[in-house]
Amino acid sequence: MELLSPDDDHFMKEALKEAQKAFDRDEVPVGAVITCNQTIIARAHNLTETLNDSTAHAEMQALTAAANYLGSKYLVDCTLYVTLEPCSMCAGAAYWTQISRIVYGAKDEKRGYTKTGGNILHPKTSVTYGSMERECSVLLENFFKNIRKR
């Protein structure tokens, strides 16, 4: 695990804005941004309900958008900021992009890649977690509380 940098909270705030968009659309509120050279090159949030596609996670959407932006399937020198620990599918996709760094806010104790898939990231990918962890967790908790009330 790598230590958080001062910029991590700044970019996680941007990912939280994406998560709020998902929340407002009745999607599980996960948001992601990808940076390259300290510039945001991709933004995304969960669209699984909207697109009726179980693979339309925020990370998958962001990885595709960043690859399109760069014109490359590899995201070396890029950082993925995501509000929730990636699942095995998203971690596997990140592996193939060779992304340099992943920063996530809240741990996913049930479906996170560290619980379900182990270390499936590219060997050159560093991981940091805990950036704005409380804010990321609260948004998810509020979403699921609202679902249970229905």
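**Charged patch and aromatic pairs**

Q: Is Lys145 buried, exposed or partly exposed here, and why?
A: In this predicted model, Lys145 counts as partly exposed because its relative accessibility is 47%, and partly exposed is the class between under 20% for buried and over 50% for exposed.

Q: Where does Lys145 sit in the fold?
A: Lys145 is placed in helix α5, which covers residues 133-149.

Q: And which residues form the positive surface patch?
A: The positive surface patch is made up of Lys110, Arg111, Lys145, Arg148 and Lys149.

Q: Switching to rings, how many aromatic pairs turn up in the whole structure?
A: A search of the whole structure gives five aromatic pairs. One of them is formed by Phe11 and Tyr81, a tilted pair with 5.3 Å centre to centre and 35° between the planes.

Q: Which parts of the chain does that pair link?
A: The pair joins distant parts of the chain, with Phe11 in helix α1 (residues 6-24) and Tyr81 in strand β3 (residues 78-84), 70 residues apart.

Q: Are those two buried or exposed?
A: Phe11 and Tyr81 are both buried.

Q: What about Tyr95 and Trp96, what kind of pair is that?
A: Tyr95 and Trp96 form an edge-to-face pair, at 5.2 Å centre to centre and with 80° between the planes.

Q: Why is Trp96 classed as exposed?
A: Trp96 is classed as exposed because its relative accessible area is 65%, whereas Tyr95, with a relative accessible area of 30%, is partly exposed.

Q: Last one: which residues do ring pairs link into a cluster?
A: Phe23, Phe143 and Phe144 are linked into a cluster by ring pairs.

Technical notes: Residues are numbered from 1 along each chain as its sequence is written. This is a predicted model: local features need pLDDT of at least 70, side-chain atom pairs count only at pLDDT 80 or more; totals for chains, interfaces and linings use all residues. Side-chain values use heavy atoms; hydrogens and water are left out. Patches are made of residues with over 30% relative accessible area and no salt bridge: like charges are joined within 9 Å, nonpolar side chains (Val, Leu, Ile, Met, Phe, Trp, Tyr) within 5 Å. Accessible areas come from the Shrake-Rupley method with a 1.4 Å probe; for residues, only the protein chains shown count as cover. A salt bridge is a side-chain nitrogen of Lys or Arg within 4 Å of a carboxyl oxygen of Asp or Glu. Lys and Arg count as positive and Asp and Glu as negative; His and the chain ends are not counted. The place of a charge is taken as NZ of Lys, CZ of Arg, CG of Asp or CD of Glu. Helices (H or I, at least four residues) and strands (E, at least two) are DSSP runs, numbered from the N terminus. Buried means under 20% relative accessible area, exposed over 50%, partly exposed in between (1.4 Å probe, protein chains only). Rings of Phe, Tyr and Trp (its six-membered ring) pair if their centres lie within 6.5 Å; planes under 30 degrees apart count as stacked, over 60 as edge-to-face and the rest as tilted.
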